[in-house]
Amino acid sequence: MDRTILHIDMNNFYASMECMLDPSLRGKPVAVCGRTEERHGIVLAKNYEAKAYGVKTGDVNWEARQKCPDLVMVPPHYEEYIKYSKLARQIYADYSDQVEPFGMDEVWLDASGTSRLFGTGEQLADEIRERVKFELGLTVSVGVSFNKVFAKLGSDLKKPDATTVVPPESWRDIVWPLPVEDMLGVGRSTKKVMERYNIKTIGDLANTDPNILAYRLKSRAWQLVAFANGNDHSVVLHKDYVVPAKSVGHGITTLQDLETDQEVWNVMLELVQEVNRKLVEYKKKAGGVAIYIRDNELYTKQWQHKLELPIQAALSLAREAFTLFKRSYTWRHPIRSVTVSAIALSEESDPVQRTLFADNDRDEKLAKLDQTICWIRERFGKDAVRSASLLCDLKMDTNRVELQMPSGLTTMG
Amino acid sequence: MKWEKQYVTVKLRHDKDGNIRPISVTLVEAGEEQTFEIDRLKQRCRAASTRVGGTGIRYTVMINGKETYLFHEFFENEGRWFMEMPVC
Ligand SMILES: [Mg+2]
(Lines give C-alpha, C1' and ligand atoms only; values in the text may rest on other atoms or scores of the structure.)
Protein backbone atom coordinates (compact mmCIF):
# COMPACT_ATOMS: atom_id res chain seq x y z
CA MET A 1 0.00 0.00 0.00
CA ASP A 2 1.19 3.51 -0.77
CA ARG A 3 2.20 5.68 2.13
CA THR A 4 0.81 9.17 2.66
CA ILE A 5 3.61 11.55 3.48
CA LEU A 6 3.38 15.28 3.98
CA HIS A 7 6.27 17.70 3.81
CA ILE A 8 5.40 20.93 5.58
CA ASP A 9 7.56 23.98 4.95
CA MET A 10 7.03 27.31 6.72
CA ASN A 11 7.26 30.05 4.10
CA ASN A 12 10.18 32.50 4.47
CA PHE A 13 10.23 31.47 8.09
CA TYR A 14 12.48 34.12 9.70
CA ALA A 15 11.06 36.99 7.68
CA SER A 16 7.46 35.84 8.14
CA MET A 17 8.08 35.58 11.87
CA GLU A 18 9.26 39.19 12.04
CA CYS A 19 6.25 40.43 10.06
CA MET A 20 3.90 38.36 12.17
CA LEU A 21 5.36 39.67 15.45
CA ASP A 22 5.40 43.28 14.28
CA PRO A 23 2.35 44.07 12.12
CA SER A 24 3.82 47.45 11.16
CA LEU A 25 6.33 45.60 8.97
CA ARG A 26 3.66 43.92 6.87
CA GLY A 27 3.62 44.93 3.23
CA LYS A 28 7.12 46.43 3.45
CA PRO A 29 10.30 44.84 2.08
CA VAL A 30 11.88 43.19 5.11
CA ALA A 31 15.20 41.39 5.56
CA VAL A 32 16.42 39.61 8.65
CA CYS A 33 20.10 40.49 8.92
CA GLY A 34 23.02 39.44 11.04
CA ARG A 35 24.00 42.18 13.43
CA THR A 36 24.43 45.34 11.38
CA GLU A 37 27.13 46.91 13.55
CA GLU A 38 29.40 43.97 12.86
CA ARG A 39 31.05 43.65 9.52
CA HIS A 40 29.93 40.12 8.79
CA GLY A 41 26.27 41.10 8.78
CA ILE A 42 24.50 39.35 5.94
CA VAL A 43 20.91 38.82 4.89
CA LEU A 44 19.66 35.66 6.59
CA ALA A 45 16.13 35.78 5.19
CA LYS A 46 13.83 38.10 3.28
CA ASN A 47 10.14 38.39 2.55
CA TYR A 48 8.52 38.36 -0.90
CA GLU A 49 8.48 42.15 -1.08
CA ALA A 50 12.26 42.29 -0.55
CA LYS A 51 12.78 39.42 -2.97
CA ALA A 52 11.06 41.48 -5.67
CA TYR A 53 13.94 43.98 -5.37
CA GLY A 54 16.45 41.20 -5.94
CA VAL A 55 17.52 40.94 -2.29
CA LYS A 56 19.05 37.52 -1.77
CA THR A 57 19.88 35.41 1.26
CA GLY A 58 23.62 35.79 1.80
CA ASP A 59 23.83 39.37 0.49
CA VAL A 60 26.02 41.58 2.60
CA ASN A 61 23.90 44.18 4.38
CA TRP A 62 25.07 47.19 2.35
CA GLU A 63 24.57 45.24 -0.86
CA ALA A 64 20.94 44.54 0.07
CA ARG A 65 20.43 48.18 1.00
CA GLN A 66 21.79 49.19 -2.40
CA LYS A 67 19.27 46.98 -4.19
CA CYS A 68 16.41 48.19 -2.06
CA PRO A 69 16.87 51.57 -0.32
CA ASP A 70 13.61 51.22 1.63
CA LEU A 71 14.55 47.80 2.95
CA VAL A 72 13.65 47.33 6.61
CA MET A 73 16.49 45.42 8.26
CA VAL A 74 15.70 43.63 11.47
CA PRO A 75 17.95 41.47 13.67
CA PRO A 76 17.00 37.81 14.12
CA HIS A 77 15.00 36.72 17.18
CA TYR A 78 16.08 33.10 17.46
CA GLU A 79 14.24 32.40 20.72
CA GLU A 80 10.99 33.36 19.04
CA TYR A 81 11.78 31.25 15.97
CA ILE A 82 12.46 28.24 18.17
CA LYS A 83 9.27 28.84 20.13
CA TYR A 84 7.10 28.99 17.01
CA SER A 85 8.90 26.04 15.48
CA LYS A 86 7.98 24.04 18.57
CA LEU A 87 4.39 25.30 18.53
CA ALA A 88 4.05 24.27 14.89
CA ARG A 89 5.38 20.81 15.71
CA GLN A 90 2.79 20.55 18.48
CA ILE A 91 0.11 21.11 15.85
CA TYR A 92 1.62 18.47 13.56
CA ALA A 93 1.86 16.02 16.46
CA ASP A 94 -1.95 16.09 16.73
CA TYR A 95 -2.05 14.09 13.49
CA SER A 96 0.85 11.66 13.70
CA ASP A 97 3.63 10.54 15.99
CA GLN A 98 5.93 10.26 12.99
CA VAL A 99 6.99 13.88 12.59
CA GLU A 100 10.58 14.31 11.50
CA PRO A 101 12.09 17.81 11.55
CA PHE A 102 14.31 18.94 8.71
CA GLY A 103 15.89 22.15 9.92
CA MET A 104 13.89 24.54 12.04
CA ASP A 105 11.03 25.21 9.64
CA GLU A 106 10.40 21.96 7.79
CA VAL A 107 9.05 18.56 8.77
CA TRP A 108 7.94 15.35 7.20
CA LEU A 109 4.77 13.83 8.60
CA ASP A 110 3.67 10.26 7.92
CA ALA A 111 -0.11 10.22 7.73
CA SER A 112 -0.45 6.71 6.33
CA GLY A 113 -3.58 4.99 7.56
CA THR A 114 -5.16 8.11 9.02
CA SER A 115 -7.65 8.76 6.21
CA ARG A 116 -10.66 7.67 8.26
CA LEU A 117 -9.67 10.12 10.95
CA PHE A 118 -8.38 13.08 8.98
CA GLY A 119 -9.42 12.49 5.36
CA THR A 120 -7.08 12.29 2.40
CA GLY A 121 -3.54 13.61 2.56
CA GLU A 122 -4.68 16.69 0.72
CA GLN A 123 -7.52 17.36 3.16
CA LEU A 124 -5.16 16.91 6.08
CA ALA A 125 -2.64 19.26 4.47
CA ASP A 126 -5.32 21.91 4.06
CA GLU A 127 -6.42 21.51 7.66
CA ILE A 128 -2.86 21.88 8.93
CA ARG A 129 -2.35 24.97 6.78
CA GLU A 130 -5.48 26.58 8.22
CA ARG A 131 -4.52 25.73 11.78
CA VAL A 132 -0.99 27.11 11.48
CA LYS A 133 -2.40 30.29 9.95
CA PHE A 134 -5.09 30.73 12.61
CA GLU A 135 -3.09 29.63 15.63
CA LEU A 136 0.35 31.01 14.81
CA GLY A 137 -0.29 33.65 12.16
CA LEU A 138 2.16 31.98 9.77
CA THR A 139 1.78 30.27 6.41
CA VAL A 140 3.09 26.90 5.31
CA SER A 141 3.34 25.10 1.99
CA VAL A 142 2.61 21.40 2.01
CA GLY A 143 3.60 18.66 -0.41
CA VAL A 144 1.69 15.39 -0.28
CA SER A 145 3.10 12.25 -1.84
CA PHE A 146 3.96 8.61 -1.28
CA ASN A 147 7.59 9.20 -0.31
CA LYS A 148 9.66 11.83 1.46
CA VAL A 149 11.60 13.03 -1.57
CA PHE A 150 8.49 13.77 -3.64
CA ALA A 151 6.63 15.27 -0.69
CA LYS A 152 9.50 17.73 -0.32
CA LEU A 153 9.48 18.46 -4.04
CA GLY A 154 5.75 19.10 -3.78
CA SER A 155 6.01 21.64 -0.98
CA ASP A 156 8.38 23.69 -3.17
CA LEU A 157 6.05 23.83 -6.16
CA LYS A 158 3.41 26.24 -4.85
CA LYS A 159 4.20 28.95 -2.30
CA PRO A 160 3.07 30.51 -0.06
CA ASP A 161 0.17 28.88 1.76
CA ALA A 162 -0.60 26.08 -0.69
CA THR A 163 -0.99 22.33 -0.94
CA THR A 164 0.54 20.36 -3.81
CA VAL A 165 -0.20 16.69 -4.34
CA VAL A 166 2.27 14.47 -6.17
CA PRO A 167 0.03 11.42 -6.63
CA PRO A 168 1.21 7.84 -7.16
CA GLU A 169 -0.72 7.62 -10.46
CA SER A 170 0.69 10.68 -12.19
CA TRP A 171 3.90 11.67 -10.42
CA ARG A 172 5.98 11.29 -13.58
CA ASP A 173 4.09 14.11 -15.30
CA ILE A 174 4.83 16.42 -12.38
CA VAL A 175 8.29 15.33 -11.25
CA TRP A 176 10.21 14.37 -14.37
CA PRO A 177 10.15 17.75 -16.14
CA LEU A 178 11.60 19.51 -13.05
CA PRO A 179 15.26 20.58 -13.00
CA VAL A 180 17.41 17.93 -11.38
CA GLU A 181 18.72 20.29 -8.68
CA ASP A 182 15.19 20.58 -7.27
CA MET A 183 15.48 17.05 -5.96
CA LEU A 184 16.64 16.42 -2.41
CA GLY A 185 20.21 15.17 -2.44
CA VAL A 186 21.29 17.09 -5.53
CA GLY A 187 23.41 19.93 -4.20
CA ARG A 188 25.63 22.28 -6.11
CA SER A 189 28.52 19.87 -6.63
CA THR A 190 26.26 16.95 -7.57
CA LYS A 191 24.50 19.20 -10.05
CA LYS A 192 27.86 19.89 -11.69
CA VAL A 193 28.44 16.18 -12.08
CA MET A 194 24.99 15.81 -13.62
CA GLU A 195 25.76 18.60 -16.06
CA ARG A 196 28.76 16.69 -17.36
CA TYR A 197 26.43 13.88 -18.32
CA ASN A 198 23.83 16.27 -19.75
CA ILE A 199 21.33 15.38 -17.06
CA LYS A 200 19.09 18.41 -16.79
CA THR A 201 15.80 17.13 -15.43
CA ILE A 202 14.78 14.60 -12.84
CA GLY A 203 13.42 12.57 -15.75
CA ASP A 204 16.89 12.55 -17.33
CA LEU A 205 18.33 11.28 -14.08
CA ALA A 206 15.64 8.61 -13.72
CA ASN A 207 16.60 7.20 -17.10
CA THR A 208 20.35 7.22 -16.50
CA ASP A 209 22.32 4.08 -15.74
CA PRO A 210 23.63 4.58 -12.17
CA ASN A 211 26.79 2.67 -13.09
CA ILE A 212 27.79 5.60 -15.26
CA LEU A 213 27.34 8.12 -12.45
CA ALA A 214 28.95 5.87 -9.87
CA TYR A 215 32.38 6.78 -11.15
CA ARG A 216 31.90 10.23 -9.63
CA LEU A 217 29.07 9.85 -7.13
CA LYS A 218 29.95 6.44 -5.71
CA SER A 219 27.05 4.70 -3.97
CA ARG A 220 24.95 7.84 -4.02
CA ALA A 221 24.45 7.29 -7.75
CA TRP A 222 22.08 4.38 -7.10
CA GLN A 223 20.27 6.28 -4.39
CA LEU A 224 19.69 9.36 -6.52
CA VAL A 225 18.55 7.40 -9.58
CA ALA A 226 16.19 5.46 -7.29
CA PHE A 227 14.80 8.70 -5.86
CA ALA A 228 14.17 10.01 -9.37
CA ASN A 229 12.20 6.84 -10.07
CA GLY A 230 10.04 7.26 -7.01
CA ASN A 231 11.88 4.63 -5.01
CA ASP A 232 12.50 6.26 -1.69
CA HIS A 233 11.53 3.98 1.16
CA SER A 234 13.13 5.92 3.99
CA VAL A 235 10.84 6.19 6.98
CA VAL A 236 9.62 9.33 8.66
CA LEU A 237 11.25 9.22 12.06
CA HIS A 238 9.34 9.23 15.32
CA LYS A 239 8.93 12.72 16.76
CA ASP A 240 11.02 11.91 19.83
CA TYR A 241 13.91 10.39 17.91
CA VAL A 242 17.14 12.25 18.46
CA VAL A 243 19.66 12.06 15.65
CA PRO A 244 22.98 11.08 17.20
CA ALA A 245 25.61 13.74 16.75
CA LYS A 246 28.20 12.82 14.15
CA SER A 247 30.43 15.72 14.91
CA VAL A 248 30.52 18.66 17.26
CA GLY A 249 32.03 21.94 16.27
CA HIS A 250 32.38 25.50 17.35
CA GLY A 251 33.32 28.44 15.24
CA ILE A 252 33.57 32.16 15.36
CA THR A 253 34.02 35.13 13.11
CA THR A 254 36.64 37.20 14.85
CA LEU A 255 36.22 40.91 15.56
CA GLN A 256 39.44 41.67 13.70
CA ASP A 257 41.29 39.61 11.13
CA LEU A 258 43.79 37.12 12.48
CA GLU A 259 47.27 37.61 11.10
CA THR A 260 49.64 35.33 12.99
CA ASP A 261 49.89 31.69 14.03
CA GLN A 262 49.82 32.80 17.66
CA GLU A 263 46.48 34.52 17.21
CA VAL A 264 45.02 31.46 15.51
CA TRP A 265 46.31 29.27 18.34
CA ASN A 266 44.62 31.51 20.91
CA VAL A 267 41.32 31.38 19.09
CA MET A 268 41.54 27.62 18.68
CA LEU A 269 42.35 27.17 22.32
CA GLU A 270 39.22 29.10 23.20
CA LEU A 271 37.05 27.26 20.67
CA VAL A 272 38.06 23.78 21.83
CA GLN A 273 36.78 24.56 25.32
CA GLU A 274 33.28 24.62 23.88
CA VAL A 275 33.91 21.66 21.56
CA ASN A 276 35.17 19.60 24.45
CA ARG A 277 32.31 20.73 26.67
CA LYS A 278 29.93 19.26 24.08
CA LEU A 279 31.95 16.04 23.93
CA VAL A 280 31.69 15.74 27.69
CA GLU A 281 27.96 16.49 27.55
CA TYR A 282 27.32 13.87 24.86
CA LYS A 283 29.76 11.40 26.44
CA LYS A 284 31.75 11.13 23.21
CA LYS A 285 35.35 10.97 22.14
CA ALA A 286 36.78 12.52 19.00
CA GLY A 287 38.40 10.22 16.46
CA GLY A 288 39.56 13.15 14.38
CA VAL A 289 39.59 16.91 14.07
CA ALA A 290 38.46 19.17 11.26
CA ILE A 291 39.17 22.85 10.84
CA TYR A 292 37.37 25.36 8.64
CA ILE A 293 39.23 28.54 7.86
CA ARG A 294 37.66 31.48 6.09
CA ASP A 295 40.01 34.22 4.95
CA ASN A 296 39.13 37.89 4.54
CA GLU A 297 38.37 37.28 0.88
CA LEU A 298 35.59 35.01 2.21
CA TYR A 299 37.24 31.99 0.71
CA THR A 300 36.74 28.91 2.87
CA LYS A 301 39.03 25.91 3.13
CA GLN A 302 38.63 22.88 5.26
CA TRP A 303 41.04 20.18 6.41
CA GLN A 304 40.66 17.20 8.61
CA HIS A 305 42.76 14.48 10.04
CA LYS A 306 42.43 11.30 12.00
CA LEU A 307 43.77 10.92 15.49
CA GLU A 308 45.81 7.96 16.62
CA LEU A 309 43.54 7.43 19.60
CA PRO A 310 40.08 8.83 20.26
CA ILE A 311 40.33 11.70 22.73
CA GLN A 312 38.21 13.87 24.92
CA ALA A 313 40.60 16.59 25.97
CA ALA A 314 40.50 20.26 25.10
CA LEU A 315 44.23 20.87 25.03
CA SER A 316 44.94 17.84 22.86
CA LEU A 317 42.16 18.85 20.48
CA ALA A 318 43.63 22.31 20.23
CA ARG A 319 47.10 20.89 19.56
CA GLU A 320 45.77 18.60 16.82
CA ALA A 321 43.77 21.41 15.26
CA PHE A 322 46.74 23.76 15.35
CA THR A 323 49.16 21.19 13.91
CA LEU A 324 46.70 20.60 11.11
CA PHE A 325 46.42 24.35 10.59
CA LYS A 326 50.20 24.91 10.48
CA ARG A 327 50.60 22.08 8.03
CA SER A 328 47.80 23.25 5.74
CA TYR A 329 47.36 27.01 5.75
CA THR A 330 49.73 29.15 3.74
CA TRP A 331 48.83 32.64 5.02
CA ARG A 332 48.03 34.12 1.65
CA HIS A 333 45.37 36.22 3.38
CA PRO A 334 44.46 37.19 6.94
CA ILE A 335 41.78 35.02 8.52
CA ARG A 336 38.26 36.07 9.28
CA SER A 337 36.69 33.02 10.81
CA VAL A 338 37.83 29.78 12.39
CA THR A 339 35.85 26.65 13.22
CA VAL A 340 37.15 23.59 15.02
CA SER A 341 35.16 20.36 14.89
CA ALA A 342 35.58 17.04 16.61
CA ILE A 343 34.69 14.36 14.06
CA ALA A 344 34.44 10.56 13.88
CA LEU A 345 32.85 10.49 17.31
CA SER A 346 32.78 7.33 19.37
CA GLU A 347 31.29 6.52 22.74
CA GLU A 348 33.23 7.66 25.77
CA SER A 349 32.85 4.17 27.18
CA ASP A 350 34.11 2.35 24.07
CA PRO A 351 37.22 0.30 24.82
CA VAL A 352 40.36 1.74 23.31
CA GLN A 353 43.33 -0.13 21.93
CA ARG A 354 46.22 1.15 23.99
CA THR A 355 49.60 1.57 22.48
CA LEU A 356 52.76 0.52 24.15
CA PHE A 357 54.63 3.80 24.16
CA ALA A 358 51.89 6.40 24.47
CA ASP A 359 51.39 7.86 27.91
CA ASN A 360 47.87 6.61 28.54
CA ASP A 361 47.80 7.58 32.18
CA ARG A 362 48.67 11.13 31.30
CA ASP A 363 45.84 11.25 28.73
CA GLU A 364 43.39 10.06 31.33
CA LYS A 365 44.56 12.64 33.80
CA LEU A 366 44.20 15.36 31.18
CA ALA A 367 40.67 14.17 30.40
CA LYS A 368 39.77 14.34 34.09
CA LEU A 369 41.28 17.81 34.29
CA ASP A 370 39.15 18.93 31.34
CA GLN A 371 36.00 17.52 32.83
CA THR A 372 36.72 19.43 36.00
CA ILE A 373 37.34 22.63 34.06
CA CYS A 374 34.04 22.15 32.21
CA TRP A 375 32.29 21.70 35.50
CA ILE A 376 33.85 24.80 37.05
CA ARG A 377 33.04 26.91 33.98
CA GLU A 378 29.48 25.69 33.96
CA ARG A 379 29.02 26.44 37.60
CA PHE A 380 30.96 29.69 37.98
CA GLY A 381 31.03 31.11 34.47
CA LYS A 382 33.47 30.99 31.59
CA ASP A 383 35.89 33.40 33.22
CA ALA A 384 36.33 31.28 36.33
CA VAL A 385 39.04 29.18 34.70
CA ARG A 386 40.88 30.27 31.60
CA SER A 387 44.14 29.48 29.87
CA ALA A 388 46.81 32.01 30.77
CA SER A 389 47.64 32.51 27.11
CA LEU A 390 44.06 33.64 26.56
CA LEU A 391 44.33 36.59 28.92
CA CYS A 392 45.50 38.73 26.00
CA ASP A 393 43.26 40.33 23.40
CA LEU A 394 41.58 37.43 21.70
CA LYS A 395 40.02 39.39 18.85
CA MET A 396 36.85 37.50 19.56
CA ASP A 397 33.75 37.94 21.63
CA THR A 398 33.86 34.88 23.85
CA ASN A 399 30.37 35.33 25.18
CA ARG A 400 28.68 35.16 21.82
CA VAL A 401 26.06 32.50 21.48
CA GLU A 402 26.34 30.53 18.28
CA LEU A 403 23.12 28.82 17.45
CA GLN A 404 23.29 25.28 16.22
CA MET A 405 20.50 24.62 13.78
CA PRO A 406 18.95 21.22 14.06
CA SER A 407 19.48 19.27 10.90
CA GLY A 408 17.74 16.17 9.65
CA LEU A 409 20.11 15.77 6.74
CA THR A 410 22.01 12.94 8.35
CA THR A 411 18.97 10.71 8.21
CA MET A 412 18.84 10.72 4.44
CA GLY A 413 21.84 8.42 4.23
CA MET B 1 -7.67 51.59 13.35
CA LYS B 2 -4.19 51.06 14.78
CA TRP B 3 -3.58 48.61 17.56
CA GLU B 4 -1.00 48.16 20.26
CA LYS B 5 -0.08 45.20 22.43
CA GLN B 6 -0.53 45.90 26.12
CA TYR B 7 0.54 43.42 28.76
CA VAL B 8 -2.01 43.31 31.55
CA THR B 9 -2.41 42.03 35.09
CA VAL B 10 -5.00 39.29 35.30
CA LYS B 11 -6.83 37.86 38.28
CA LEU B 12 -7.42 34.14 37.77
CA ARG B 13 -9.58 31.53 39.37
CA HIS B 14 -8.11 28.01 39.41
CA ASP B 15 -10.88 25.52 40.10
CA LYS B 16 -10.49 22.07 41.67
CA ASP B 17 -10.26 20.41 38.23
CA GLY B 18 -7.31 22.56 37.26
CA ASN B 19 -9.21 24.84 34.89
CA ILE B 20 -8.30 28.48 34.96
CA ARG B 21 -10.66 31.34 34.32
CA PRO B 22 -9.84 35.03 34.15
CA ILE B 23 -11.90 37.07 36.64
CA SER B 24 -10.63 40.59 36.00
CA VAL B 25 -7.97 42.50 34.08
CA THR B 26 -6.01 45.55 35.16
CA LEU B 27 -4.73 47.74 32.37
CA VAL B 28 -3.51 51.25 31.75
CA GLU B 29 -5.86 53.51 29.82
CA ALA B 30 -5.09 57.18 29.24
CA GLY B 31 -2.24 56.94 31.72
CA GLU B 32 -4.47 55.56 34.42
CA GLU B 33 -4.59 52.06 35.83
CA GLN B 34 -8.06 50.55 35.79
CA THR B 35 -9.49 47.18 36.72
CA PHE B 36 -12.33 45.62 34.78
CA GLU B 37 -14.45 42.66 35.78
CA ILE B 38 -14.89 39.97 33.17
CA ASP B 39 -18.65 39.45 32.83
CA ARG B 40 -18.59 36.40 30.69
CA LEU B 41 -16.14 33.97 29.04
CA LYS B 42 -17.34 33.08 25.57
CA GLN B 43 -14.57 31.02 23.97
CA ARG B 44 -11.09 29.73 24.51
CA CYS B 45 -8.71 28.53 21.78
CA ARG B 46 -5.16 28.95 20.59
CA ALA B 47 -5.01 31.80 18.13
CA ALA B 48 -2.66 34.33 16.62
CA SER B 49 -3.31 37.99 17.21
CA THR B 50 -3.77 39.43 13.75
CA ARG B 51 -3.86 42.97 15.14
CA VAL B 52 -0.73 43.17 17.28
CA GLY B 53 1.18 39.98 16.42
CA GLY B 54 2.10 37.00 18.52
CA THR B 55 0.09 34.00 19.60
CA GLY B 56 -1.43 32.62 22.75
CA ILE B 57 -4.43 30.94 24.30
CA ARG B 58 -7.10 33.41 23.27
CA TYR B 59 -10.02 34.05 25.63
CA THR B 60 -13.02 35.77 24.09
CA VAL B 61 -14.47 37.72 27.00
CA MET B 62 -17.26 40.23 27.67
CA ILE B 63 -16.23 43.35 29.58
CA ASN B 64 -18.82 46.05 30.20
CA GLY B 65 -21.03 44.45 27.57
CA LYS B 66 -18.26 44.62 24.96
CA GLU B 67 -16.62 41.57 23.41
CA THR B 68 -12.84 41.57 23.46
CA TYR B 69 -9.87 39.22 23.32
CA LEU B 70 -7.52 38.38 26.15
CA PHE B 71 -4.37 36.44 25.19
CA HIS B 72 -2.25 34.23 27.40
CA GLU B 73 1.18 33.76 25.81
CA PHE B 74 1.28 30.31 27.30
CA PHE B 75 4.43 28.39 26.32
CA GLU B 76 6.39 25.81 28.25
CA ASN B 77 4.26 26.36 31.35
CA GLU B 78 4.45 30.12 31.60
CA GLY B 79 3.65 33.32 29.83
CA ARG B 80 2.31 36.83 30.13
CA TRP B 81 -1.19 38.04 29.31
CA PHE B 82 -1.90 40.76 26.79
CA MET B 83 -4.75 42.64 25.18
CA GLU B 84 -5.10 44.38 21.86
CA MET B 85 -5.58 48.06 22.57
CA PRO B 86 -6.79 50.56 19.96
CA VAL B 87 -4.56 53.61 19.63
CA CYS B 88 -5.85 56.84 18.17
MG1 LIG C 1 10.86 27.31 4.70
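Predicted model: local features only at pLDDT ≥ 70, side-chain atom pairs only at ≥ 80, totals over all residues.
**Overall form**

- Chain A contains 15 helices and 13 strands, where helices (H or I, at least four residues) and strands (E, at least two) are DSSP runs numbered from the N terminus.
- The radius of gyration of chain A is 24 Å, close to the 22 Å that the globule rule gives for 413 residues, so the chain is as compact as a globular protein of that length. The radius is taken over C-alpha atoms, and the rule is 2.2 Å times the number of residues to the power 0.38.
- Along the principal axes, the C-alpha atoms of chain A fill a box of roughly 65 × 55 × 45 Å.
- Of the 413 residues of chain A, 46% count as buried.

- β7(A) pairs with β1(A) in the antiparallel sense over 6 bridges; two strands pair if DSSP finds at least two bridges between them.
- Within β7(A), Ser145(A) stands opposite Ile5(A).
- Strand β8 (residues 163-165) of chain A runs parallel to β7(A) and is joined to it by 3 bridges, with Val144(A) opposite Val165(A).

**Strand β2 and its partners**

- Strand β2 (residues 30-33) of chain A is covered on both faces, with Val30(A) and Val32(A) buried on one side and Ala31(A) and Cys33(A) buried on the other.
- β2(A) pairs in the parallel sense with strand β4 (residues 72-74) over 3 bridges, and it is joined to strand β3 (residues 43-46), which runs antiparallel, by 3 bridges.
- Ala31(A) has Met73(A) as its bridge partner in β4(A) and Lys46(A) as its bridge partner in β3(A).

**Magnesium site**

- The magnesium ion has the protein donors Asp9(A) (OD), Met10(A) (O) and Asp105(A) (OD), lying 2.1 to 2.4 Å from it. Donors are N, O and S atoms within 2.8 Å of the metal (3.2 Å for Na, K and Ca); water is not among the atoms, so sites may look incomplete.
- Distant parts of the chain are linked here: Met10(A) lies in strand β1 (residues 5-10), and Asp105(A), 95 residues apart from it, lies in the loop between β5 (99-102) and β6 (106-110).
- Met10(A) is buried, with a relative accessible area of 3%.

**Second largest pocket**

- The second largest pocket has a volume of about 660 Å³, which is the space filled by probe spheres set on grid points joined across faces, edges and corners. A pocket is an open set of points on a 1 Å grid over the protein atoms alone where a 1.4 Å probe fits, with protein on both sides within 12 Å along at least five of seven lines; lining residues have an atom within 4 Å of a point.
- Of the 25 residues that line this pocket, the closest to its centre are Pro310(A), Ile311(A), Gln312(A), Asp363(A) and Glu364(A).
- The largest share of the lining, 8 residues, comes from α15(A).

Methods. Residues numbered from 1 in each chain as written. Chains lettered and ligands numbered in written order. Heavy atoms only, no water. Buried < 20%, exposed > 50% of the residue type's maximum accessible area, 1.4 Å probe, protein only.
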